[in-house]
Amino acid sequence: MECNNKVLVCGASFAGLTMAYWMREMGYEVTVVELGSHLKTGGTPVDIKDETVGIMERMGLLDQLKAHRIGPQKWEFKNAADESEHTVSLDELPENEFEIERDVLLHMLFDLVKDAVNFIFNSTILALVDEEDGMKVCFNDGNESKYQFVFGCDGVHSVVRKIWFGKEAEFAYHLGSYFCIATANRLLIEEGAYHLYAEPNKSLSMYAYHNKTDIIFMFRQQEDILYDFRNQEQIKEIVRTQIQGVGWRAAELKEELLNSGSFYFDQFCQIKMPSWTKGRVALAGDAGYCASPAAGMGGSLAIIGATALADAIRKNRDDFQQAFKMYNKDLSPFIEEVQQTAVLMLGKLLPATQGEINQRNTNGFEF
């Protein structure tokens with residue numbers, strides 16, 4: 001069971017695909033294992049800005065990024081009568097900031113590695129065993145293999161983290177709120193518009209682009225709601241109950257949410273860990289430091305984190321422990337800043353009082 005130059009990446013989303021690309025570039029033999037039967041598509045557009053733009057350029061994707069950029073033309077803050085109390089026009093897109101459909105970016109990254117990396121779909125790991133010359137990995141189909149490194153890039157509910165670092169409850173910090181996202185394959189508002197509505201502790205918004213509309217419902221509840229995030233009927237019942245009685249276009253949007261094929265629900269939470277590495281295992285992206293969707297940086301954070309981990313390995317090829325130490329030390333301040341910003345932004349996305357709503361509907365998010 002020689003591990004030689006083999007590495008295993010768990011998760012085939014932004015962090016996993018980015019990690020696979022950089023490790024392959026360094027000459028490693030890369031296997032990506034993904035629980036789903038295919039790439040996990042759907043979700044709201046991704047913001048690519050600041051450091052992430054430079055990474056996209058390093059990966060040779062900047063021209064594609066520019067070609068596929070989208071972006072809202074205006075934000076409209078609505079009242080219950082569907083009147084716009086405040087409008088922010090976005091006439092010019094920032095030169096070094098891009099918004100791109102999640103699925104487009106996901107397939108851009110996949111296309112970079114699909115012919116050079118071994119993908120195993122419909123599979124997951126069951127156990128990790130630290131041996132002198134590598135990590136023995138036991139898969140759910142009974143197969144075993146050995147790798148130099150195992151990278152957990154498998155999201156906020158990471159299996160790698162649970163197996164190797166501890167239960168999710170040890171690292172997950174609930175922010176007292178929940179969100180639901182779905183996409184209607186038609187325009188419910190005008191193309192390029194972002195409509196936002198709020199009541200105390202509940203909010204609804206729509207974003208229209210490319211002849212479809214993203215619908216986002218959020219609500220605050222300090223007590224934890226017990227649910228299985230993979231049980232669609234259970235979580236749809238939670239959303240059905242919470243959205244009942246909400247004003248604006250909630251009755252219409254409830255049906256769109258509950259009948260969408262891209263329905264997703266979860267809590268706003270952050271993952272905080274003393275270290276993202278242990279032995280020959282390292283976490284990247286939401287698995288190690290989810291900032292919550294309120295940060296607006298889920299995709300970027302995954303790409304930045306995976307690149308930081310790969311760069312640390314590149315600089316310390318003969319000492320992976322030093323590489324992992326560098327990764328933890330150098331990235332931590334940035335992660336802390338993003339997580340703090342996410343908490344502040346959640347308060348603006350989900351106002352708690354009518355006074356906060358009035359401020360938002362007067363000044364937008366500048367309050």
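Predicted model: local features only at pLDDT ≥ 70, side-chain atom pairs only at ≥ 80, totals over all residues.
Colleague: Which strands make up the open sheet of three, and in what order?

Modeller: The order is S8-S9-S10, and the pairing is antiparallel. Strands S8 (125-131) and S10 (144-147) stand at the edges with a single partner strand each, so one side of each is left without a neighbour in the sheet. From one strand to the next, the twist averages 25 degrees.

Colleague: How many bridges hold S9 and S10 together?

Modeller: Strand S9 (residues 134-139) pairs with S10 over four bridges in the antiparallel sense. Within S10, Tyr-147 is the bridge partner of Met-135.

Colleague: What sits over the ring of Tyr-147?

Modeller: The charged end of Lys-6 does, at 5.1 Å from the ring centre. In another such arrangement, the charged end of Lys-278 sits over the ring of Trp-164, 5.2 Å from its centre.

Colleague: Lys-6 brings me to strand S1. Which strand does S1 pair with, and is the pairing parallel or antiparallel?

Modeller: Strand S1 (residues 6-10) pairs with S11 in the parallel sense, over four bridges. Cys-10 stands opposite Gly-152 in S11. Strand S11 is also joined to strand S18 (residues 281-283) by three bridges, and these two run parallel. There, Gly-152 stands opposite Leu-283.

Colleague: Are the faces of S11 covered or uncovered?

Modeller: Both faces of strand S11 (residues 149-152) are covered. Phe-149 and Phe-151 are buried on one side, and Val-150 and Gly-152 are buried on the other. In a regular strand, side chains alternate between the two faces of the sheet.

Colleague: Where are Trp-276 and Tyr-289 in the chain?

Modeller: Trp-276 is in the loop between strand S16 (264-271) and strand S17 (277-278), while Tyr-289 is in helix H8 (residues 286-289). The two are 13 residues apart, and their pair links distant parts of the chain. Trp-276 counts as buried at 5% relative accessibility, and Tyr-289 is buried at 1%.

Colleague: What is the geometry of the rings of Phe-320 and Phe-324?

Modeller: Their centres are 5.7 Å apart with the planes at 75 degrees, so the pair is edge-to-face. Both residues are buried.

Colleague: Turning to helix H9, why is it described as largely enclosed?

Modeller: Of the 18 residues of H9, 14 are buried, so the helix is largely enclosed by the rest of the structure. Helix H9 (residues 298-315) reaches 26 Å from its first C-alpha to its last, close to the 26 Å expected.

Colleague: Lastly, where is Ser-177, and what does it contact?

Modeller: Ser-177 is in strand S12 (residues 172-184) and is buried, with a relative accessible area of 0%. Leaving aside neighbours within four places in sequence, its contacts include Phe-219, Arg-220, Gln-267 and Leu-346. Gln-244 is 67 residues from Ser-177 in sequence and 17 Å from it in space, C-alpha to C-alpha.

Note on methods
Residues numbered from 1 in each chain as written. Heavy atoms only, no water. Pairing = 2+ DSSP bridges. Axes fitted to C-alpha atoms, helices over the stretch in contact; angles between N-to-C directions. Expected span 1.5 Å × (residues − 1). Buried < 20%, exposed > 50% of the residue type's maximum accessible area, 1.4 Å probe, protein only. Contact = heavy atoms within 4.5 Å. Phe/Tyr/Trp six-rings, centres within 6.5 Å; stacked < 30°, edge-to-face > 60°. Lys NZ or Arg CZ within 6 Å of the ring centre and 35° of its normal.
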